[in-house]
Amino acid sequence: MSQPASNAELQSVLDRAADGGRITAEEALDLYRSAPLHALGVAADTVRRRRYAGTEHIATYLIERNINYTNACVTACKFCAFYAAPKSDKVWVRDLEEILRRCAETVELGGTQIMFQGGHHPDFGVEYYEEHFSAIKKAYPQLVIHSLGASEVEHMSRISGVSAEEAIRRIHNAGLDSFAGAGAELLPARARNAIAPLKESGERWLEIMEIAHGLGVESTSTMLMGTGETNAERIEHLRMIRDVQDRTGGFRAFIPYTYQPENNHLKGRTQATLFEYLRMIAIARLFLDNVAHIQGSWLTTGKEAGQLSLHYGADDLGSVMLEENVVSSAGARHRSNRMELIELIRAAGRVPAQRATTYEHLAVHEDPAEDPVDDRVVSHLASTAIEGGTAHPELRLVEARR
Ligand code: SF4
C-alpha cells in the first residue's frame, strides 16, 4: 500500500490542477481523501472561473418537467423506491394524452425541457419511444427532449431486437435531442453489482453513450453517491467518464447526486455526507478537465448545499422541476420555486441566469427589480410517489464497504 501523500504533496497537486494541469486518478483519490476541504474548493473555483472567464459571475438554472411514463420495471435496482414489479397491482402507465397535457403545462410555465423518465417496462421497445417522442415534438416543437440514458437504450433495443446504434438513430429521428445520462449510478463493477445487479455493466453503459456521441447525440453524465461504494470506486467512476470524454467530447455535464434512503432495499445504509458531496463537486471540477459543466444538486442535498456547491466548482444549480417522482419517492423532500432559486443563486454571490438544455443563457437576471414573478413555477414533488415503496421484497441488502 502506498504512503499517504504529505500536505506539501497535496498542495502541489492542487496547485497544478488549479493552473489547468491534468491530474491522475491516483492524485484525485489522494485529494478526495485528504486535501483540506477549503483548499479543494478554492482550487476548483479557480478552475471554474478560468473556464468561464467573462461570465464567471453567472450561475445557471433550467425550468423543466420530469415526465414519468411508467413505474413498471424489470430491472429491480436495490436503491430504487420508484419502480413496481411489472405484474404488481401498483403498476401504472401514463397515456399519451396525459403526457401531452404535462407538456402543455410545461410550455405555459416557461419550461424548455422534458425529461422522459420511467422504468424498464417489459413491453416498451423502440417503437414506444418513437411514437411518444414524435407526438411530443409534433405538438410542442419548442420543447427539448433531454431524456433517458444508456440503460433504456439497452432495454428497448433488446425488446425490439435491434442494435443500440439503430435504437439511438430511431429515437433521435423521432425527436430525442439528447440523453440525460440516467442509469450511470456507479460504473465500477463491484459497486454497480451491489445496487443494480440486473443493469448493464458500467462498461456497456459507457459504450452506448459513446455510440450516441458518435451519432451526434450528446448527453450529460451522473453519479449516485452514498450506497456503500468506496472512495476509490467514486474516483474510478470519474476516470471511466473522463476516458470516454477524451474520445468523444459528448458529455456536456457531470451531475453527482446523493442516494436517498427511504422506501428501498438499501434503507438505512451508508449515505454520502454533505462534506463528501462537496468534495466530489470540487474533485469533479478538477479531475474532469474535459467536461464543461458541473451541476450542484439541491434536490437531494438541500438548498444551502446547492448554494455552497457554487463555491466548490459548480457552475449550474440544476432545475426547477415542475414534476419529480423518482428521487422524491426515496425521500428527497427539498423543493423550491423559480423565485427562490434565483434568490439562492444571488445570495451565493452570483448573477442567476435561466439556461437552455445546451447551456446558452436565455435570461440573465441582473436586476432584482425585473425578476420573473410567476409563483406557479414551483418544483412539485411526487405526484405519484407511493407510500411504503414498491421495491422487490426478495432483494438482498448490500454490505457497506469503506
Ligand atoms: S432505477 Fe432501476 S429499478 Fe428504478 S426504474 Fe430505473 S432501472 Fe428500474
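User: In which segment does H365 lie?
Analyst: This is a predicted model, in which local features need pLDDT of at least 70, side-chain atom pairs count only at pLDDT 80 or more, and totals for chains, interfaces and linings use all residues. Residues are numbered from 1 along each chain as its sequence is written. Strands are DSSP runs of E with at least two residues, helices are runs of H or I with at least four, and both are numbered from the N terminus. On that numbering, H365 lies in the segment after β10 (361-364).

User: Is H365 buried or exposed, or in between?
Analyst: A residue is buried if 20 or more other C-beta atoms, placed from the backbone, lie within 10 Å of its own, exposed if 12 or fewer do, and partly exposed in between. Because H365 has 19 C-beta neighbours inside 10 Å, the class is partly exposed.

User: Which residues does H365 touch, not counting those up to four places away in sequence?
Analyst: Two residues are in contact if their C-beta atoms, placed from the backbone, lie within 7 Å. With residues up to four places away in sequence left out, H365 touches I342, V351, P352, A353 and D371.

User: How far apart in space are H365 and I58, C-alpha to C-alpha?
Analyst: In sequence, H365 and I58 are separated by 307 residues. From C-alpha to C-alpha, their separation in space is 9.4 Å.

User: Which residues does UniProt list for "binding site", and why do they gather at one spot?
Analyst: The unreviewed UniProt entry lists S297 and S319 for this feature. They span 23 residues in sequence, yet no two of their C-alpha atoms are more than 8.7 Å apart, so they gather at one spot. UniProt positions follow the numbering used here, feature names are shortened, and annotations may be inferred rather than shown by experiment.

User: Where is S297 found, and which residues is S297 in contact with beyond four places in sequence?
Analyst: S297 is found in the loop between β7 (293-294) and α12 (298-301). S297 counts as buried because 26 C-beta neighbours lie inside 10 Å. Leaving aside neighbours within four places in sequence, the contacts of S297 are I255, Y257, G306 and G318.

User: Which residues is S319 in contact with, leaving aside neighbours within four places in sequence?
Analyst: S319 has its place in strand β8 (residues 316-321), and S319 is buried, with 28 other C-beta atoms within 10 Å. Apart from neighbours within four places in sequence, S319 is in contact with Y61, L62, I63 and E64.
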